[in-house]
Amino acid sequence: MHARDPSYYGYLENDRGQDVLWRELSDQPLTFLDENQMFAVNENTGELVDYLESDLYKKVSEVRKRWVDIGVIDKRLAGNKAANIDQEDAGKLLFRVGAVSRAMENLQTVQNADPAAKLREYYLAPDKPKYIVAPSNEAVMIPAKALHPERAMQFMNWILQSKEHYNFIIYGVEGKDYRIENDKIQLLTNDQFMYEWMWRNKNYFMPATNVDDSVVEDMLHNDDNARISKIFGFHFNQEPVKKRVCQSARGLQRKVPADQPRHRRL
């Protein structure tokens with residue numbers, strides 16, 4: 001696609017996405033331990049891996065640099081989230097790191113630029129097991145200084161009390177803002193009022209009419225062949241060693257040549 005139209009680019013995240021390539025480049029199942037992506041855990045042995053000093057890090061760096069060299073990634077856009085959004089809004093984003101149901105979440109934006117556009121998510125090495133590290137990667141929080149935290153909690157409970165409440169807060173008034181067609185949501189406005197993925201409840205979920213059934217199946221079967229990670233529910237608190245973490249980050253900054261896209265924000 002890029003060869004046919006050079007204005008299409010992929011998006012190279014610098015704060016995540018390296019572990020996506022691990023599935024293809026490593027013969028060991030690894031899971032990131034920390035948000036700085038310096039350490040990983042081997043899911044087979046429980047061993048702690050110094051990712052930045054590993055051969056795997058070199059392999060990932062070579063792949064990502066090759067994408068830049070062949071022009072699939074514009075180096076000027078590497079890690080530039082605003083540029084990623086602009087490319088996506090224009091319908092010219094070739095690829096990005098996926099997330100369960102992102103093909104549904106981003107479809108309407110892409111179709112605003114090209115009504116015939118389609119999105120699909122894929123796993124590298126799909127036969128390898130996936131590892132679940134947390135019950136969810138999303139959470140709704142009430143600020144500690146909220147004036148009426150109980151009422152905020154009551155409102156969130158109200159949203160999830162029934163399918164009618166759920167649809168109302170996300171899509172609006174049935175018959176005016178949306179209608180239900182064959183167990184799918186047909187939007188009658190330009191956009192939903194709130195991100196559906198923020199409240200997704202498996203008992204209430206209905207895809208939009210523009211979402212292909214195969215994409216819905218991808219989401220519903222995402223956890224097939226999944227295992228519980230050895231670090232399930234664990235969060236690395238770097239506070240006790242934050243000075244060492246900063247030193248390692250500075251060392252990495254000196255290590256990566258200036259003409260290569262950096263793999264994380266430092």
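Q: Helices (H or I, at least four residues) and strands (E, at least two) are DSSP runs, numbered from the N terminus; between which two helices does the loop with alanine 208 lie?
A: The model is a predicted one, and the secondary structure of its protein chain comes to 10 helices and seven strands. Leaving aside residues up to four places away in sequence, alanine 208 touches Lys184 and Ile185. The loop that holds alanine 208 lies between α8 (196-199) and α9 (213-220).

Q: Is alanine 208 buried, partly exposed or exposed?
A: A residue counts as buried under 20% relative accessible area and as exposed over 50%, with partly exposed in between. Alanine 208 has a relative accessibility of 23%, so its class is partly exposed.

Q: Which element gives the most residues to the largest nonpolar core?
A: The largest nonpolar core has 15 residues, and those with the most contacts inside it are Trp22, Leu30, Tyr51, Leu56 and Val60. At least two residues of this core come from each of α1 (18-25), β1 (30-32), α2 and α10 (242-255). With four residues, the element that gives the most to this core is α2.

Q: Which residues of α1 are buried?
A: Elements that cover the buried residues of α1 include β1, β2 (39-42), α2 and β4 (130-132). Tryptophan 22, for its part, touches Leu30, Thr31, Phe32, Ala40, Tyr51, Leu56 and Val60, not counting residues up to four places away in sequence. In general, an α-helix has 3.6 residues a turn, so residues three or four places apart point the same way. In α1 the buried residues are Gln18, Leu21, Trp22 and Arg23.

Q: What angle does the direction of α1 make with that of β1?
A: An open sheet of three strands has the order β1-β2-β3, with antiparallel pairing, and its edge strands, each pairing on one side only, are β1 and β3 (48-50). From one strand to the next the twist averages 35 degrees. α1 packs on this sheet, touching β1 and β2, and its direction makes with that of β1 an angle of about 175 degrees.

Q: Which residue of β6 stands opposite arginine 179?
A: Strand β5 (residues 178-181) and strand β6 (residues 184-187) pair in the antiparallel sense over four bridges. The two strands form a hairpin with two residues between them. Across this pairing, arginine 179 stands opposite glutamine 186.

Q: What is the phi of aspartate 183?
A: Most residues other than glycine have a negative phi. Aspartate 183 lies in the loop between β5 and β6 and is exposed, with a relative accessible area of 59%, while asparagine 182 in the turn of this hairpin has a positive phi of about 50 degrees. Although aspartate 183 is not a glycine, its phi is also positive, at about 65 degrees.

Q: In which loop does asparagine 225 lie?
A: Asparagine 225 has a positive phi of about 65 degrees although it is not a glycine. With a relative accessible area of 42%, asparagine 225 is partly exposed. Its place is the loop between α9 and β7 (226-228).

Methods
Residues are numbered from 1 along each chain as its sequence is written. This is a predicted model: local features need pLDDT of at least 70, side-chain atom pairs count only at pLDDT 80 or more; totals for chains, interfaces and linings use all residues. Side-chain values use heavy atoms; hydrogens and water are left out. Two strands pair if DSSP finds at least two bridges between them. Buried means under 20% relative accessible area, exposed over 50%, partly exposed in between (1.4 Å probe, protein chains only). Contact means heavy atoms within 4.5 Å. A nonpolar core is a set of buried Ala, Val, Leu, Ile, Met, Phe, Trp, Tyr and Cys residues joined through side-chain atoms within 4.5 Å. Axes are lines fitted to C-alpha atoms, for helices over the stretch in contact, and angles run from 0 to 180 degrees between N-to-C directions.
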